Structure formats: structure tokens, C-alpha cells
Amino acid sequence: MNLNWYPGHMAKSFRLLKTELQRVQLVIECCDARIPLASRNPKIRELCGNKDRVLLLTKSDLAAPEMTKEWLEALKAEGEDCLAIDLKSKQALKEVERLIKPYRDKLAARDKQRGRRPRPLTIACLGIPNVGKSTLGNLLLGRSSHATENRPGLTRSITFITSRNKRYELMDSPGLLWPKLETKLAQVQLAICMAIPDSLIPLEELALDFLLIWNQLAPDSFKDFFTVEKVTNYEEARQALEEYALKQQLLAKGGEADYLRAAERLLQQYRQGRLTELSLERPGIELNLAE
């Protein structure tokens, strides 16, 4: 497994952001509600400095509601202004605008005090790849101005666009990921959630790691799907994957389980929200993966 993967364009992004962020009044940081720690870049806070910042836990429809609630409580206790959200829901725009309204009001009051005409609130949407920044941008702009695709690293340049209703000026930037992923767990979590390419980890191995995490964080849910009593290593996880393959009738020649096709379908169903609502991190819980 390559723990030193780092797209070169992301290094350039940090240098560009230091300049472009001078135009910004509010930073909206996006992270994946299923992995609020693994999907946050620690450099974003450094780049923001004293700028106003809010945190969106996106893809909340794919996360376990009780764990999302725990994360919101933990993050707010640390002083974060945060919101869990499904950016594709009908209420998404209203929820986001409610969160950022105090910052618009503050800018409007400042402009009025200085005798200036009201300006759009300039917002930067920051985060690692595939956490919904372009979807958020489309909501705020009121149009499909950004390409969106479920593939990490699609947005590759910094642009400023004014929203149709003139309330916002949006700075959109590439996904930001730290240069070195220091743990196997972090890379596995990011790969499962498609924040890094599938090609970095063999799919069968990724599926086995997914089953290990699932069994640790949601054992009751796991037991609803599998008869395997415990999953603490790859051998036991492979038994669960075999069971899944047979139930899905994913068979190789001779009627044996096709592990690769089973891994692909298992991960696809989870990513599409058709398997189970499952978070891959929980506050205060340390996960163990097979070495």
C-alpha cells in the first residue's frame, strides 16, 4: 500500500490559496460526515488564520445518524460552528444559508457603517477531494457552474464566480489533501469514501478492511448481514466476503465465490447508500485493522 501518494497539483494549491484567501470573508470547510477526522486537512485552519469559518459535515445521508450527532456535539464542544447536511436534499440551500446568515449580516452592517453599498459575501469552499465542494458551490450560485462527478480531484483551478442572486461571490478551489497519509487506517477510510483513487489499494483488500471497520463500529448492523460470528482479521473478513458473494450470486468458475466482483459490489452499494447507514469513525473509538 502506498502511503506517500500525493498529487502534485495539490501542493501548488496551498501556495495559490495564501494569496486568493485575502479576498475571502468566510471559509466553508467541507468534510465527509462518515469520516469527519480523516477527511479534514489540518492545513485549512492554518490557511484560514483569523477568518470566519464554518464546517459542513456533508453526505450525512450516508452516515449513521447517532454517530453524526456524537460528532456534532464533539466538534461544537471544540468551538466549531458546524452543520451536518445532505447537499442533494431539497432543504440543503436553506440549511446552508441559515448557517451563514450571521456572516452576511456582519458584512452588511460593516458596509453600512462605512457608507458602502452592500457587497456579496465572498466565500471559499475548501476541503479534500470528493466531499461536495462543487455541489455546495452550485447551490450557492443558483446554477450548475461547476463540473461535479464522483471522482476525486476533478476541480483543478481557483475561480471566483458571483451568484445569480448577487448574495455571494464564490471561490472554488481544488481538493486539498495533506502530502503524506501517516496511517493505513486513514488511507483506507478515504479510499472507501472515494476521496482518493481506488487504484491505490486493491479492491479486495479495501473490502476486507471495510468489513473489519463495520464489525467494530456497528456490530449489530453487521450481524444483520452476516452469520460470521467475529471479524478480527483478514481470514475472518474473507469468510464474510465469501458469504456476501454467494448471497449475491457472484460466482467464479466452479461455483466458487468471485471475491473481486463481491468486493466491487459491496463497496459500490455502500458508496451509493444502498447497503447500510454507516460511519467509519466514532469519537473516542480507536479502530484496529489487520496488518
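# Briefing: sheet, helices and nonpolar cores

The protein has 10 helices and 6 strands, and the model described here is a predicted one. Of its 291 residues, 52% count as buried, and the accessible surface comes to about 14,500 Å², of which 47% belongs to carbon and sulfur atoms. Among contacts in the protein with a separation of 6 or more, those between residues 24 or more positions apart account for 66%.

**The sheet**

- The 6 strands of an open sheet follow the order S3-S2-S1-S4-S6-S5, and their pairing is mixed.
- Strand S3 (82–84) and strand S5 (159–162) each have a single partner strand and stand at the edges, so one side of each is left without a neighbour in the sheet.
- Direction ignored, neighbouring strands of this sheet are turned against each other by 25° on average.
- Strand S2 (residues 52–58) and S3 run parallel and are joined by 3 bridges, with Leu57 having Ala84 as its bridge partner in S3.
- S1 and S4 also run parallel, joined by 4 bridges, and the bridge partner of Leu26 in S4 is Ile123.
- On the S6 side of S4, 5 bridges join the two strands, which run parallel, and Cys125 has Asp172 as its bridge partner in S6.

**Strand S4**

- S4 is mostly covered, with 6 of its 6 residues buried.
- In a regular strand the side chains alternate between the two faces of the sheet.
- In S4, Leu121, Ile123 and Cys125 point one way while Thr122, Ala124 and Leu126 point the other way, and all are buried.

**Helices lying across the sheet**

- Helix H3 (residues 65–77) lies across S2 and S3, and its direction makes an angle of about 175° with S3.
- Helix H5 (residues 133–141) lies across strand S1 (26–32), S2, strand S4 (121–126), S5 and strand S6 (168–172), and runs at about 165° to S6.

**Nonpolar cores**

- The largest nonpolar core holds 71 residues, of which Ile28, Ile100, Ile123 and Phe210 touch the most other members.
- Helix H7 (residues 203–217) gives the most to this core, contributing 9 residues.
- Apart from this core lies another, of 12 residues, which includes Phe14, Cys48, Leu126 and Ile158.
- Ile123 and Leu126 both belong to S4 and point opposite ways from the strand; Ile123 is a member of the largest core, whereas Leu126 is among the residues of the other core.
- Leaving aside residues up to four places away in sequence, Ile100 touches Leu26, Ile28, Val54, Ile123, Leu140 and Tyr168.

**Helix H10 and what follows**

- Helix H10 (residues 259–271) has 13 residues and reaches 18 Å from its first C-alpha to its last, close to the 18 Å expected at 1.5 Å a residue.
- The buried residues in H10 are Tyr259, Ala262, Ala263, Leu266, Leu267, Gln269, Tyr270 and Arg271.
- An α-helix has 3.6 residues a turn, so residues three or four places apart point the same way.
- Just after H10, Gly273 takes a positive phi of about 75°.

Note on methods:
Residues numbered from 1 in each chain as written. Predicted model: local features only at pLDDT ≥ 70, side-chain atom pairs only at ≥ 80, totals over all residues. Heavy atoms only, no water. Core = buried A, V, L, I, M, F, W, Y, C linked by side-chain atoms within 4.5 Å. Buried < 20%, exposed > 50% of the residue type's maximum accessible area, 1.4 Å probe, protein only. Contact = heavy atoms within 4.5 Å. Expected span 1.5 Å × (residues − 1). Pairing = 2+ DSSP bridges. Axes fitted to C-alpha atoms, helices over the stretch in contact; angles between N-to-C directions. Areas by Shrake-Rupley, 256 points an atom, 1.4 Å probe, with all protein chains shown as cover.
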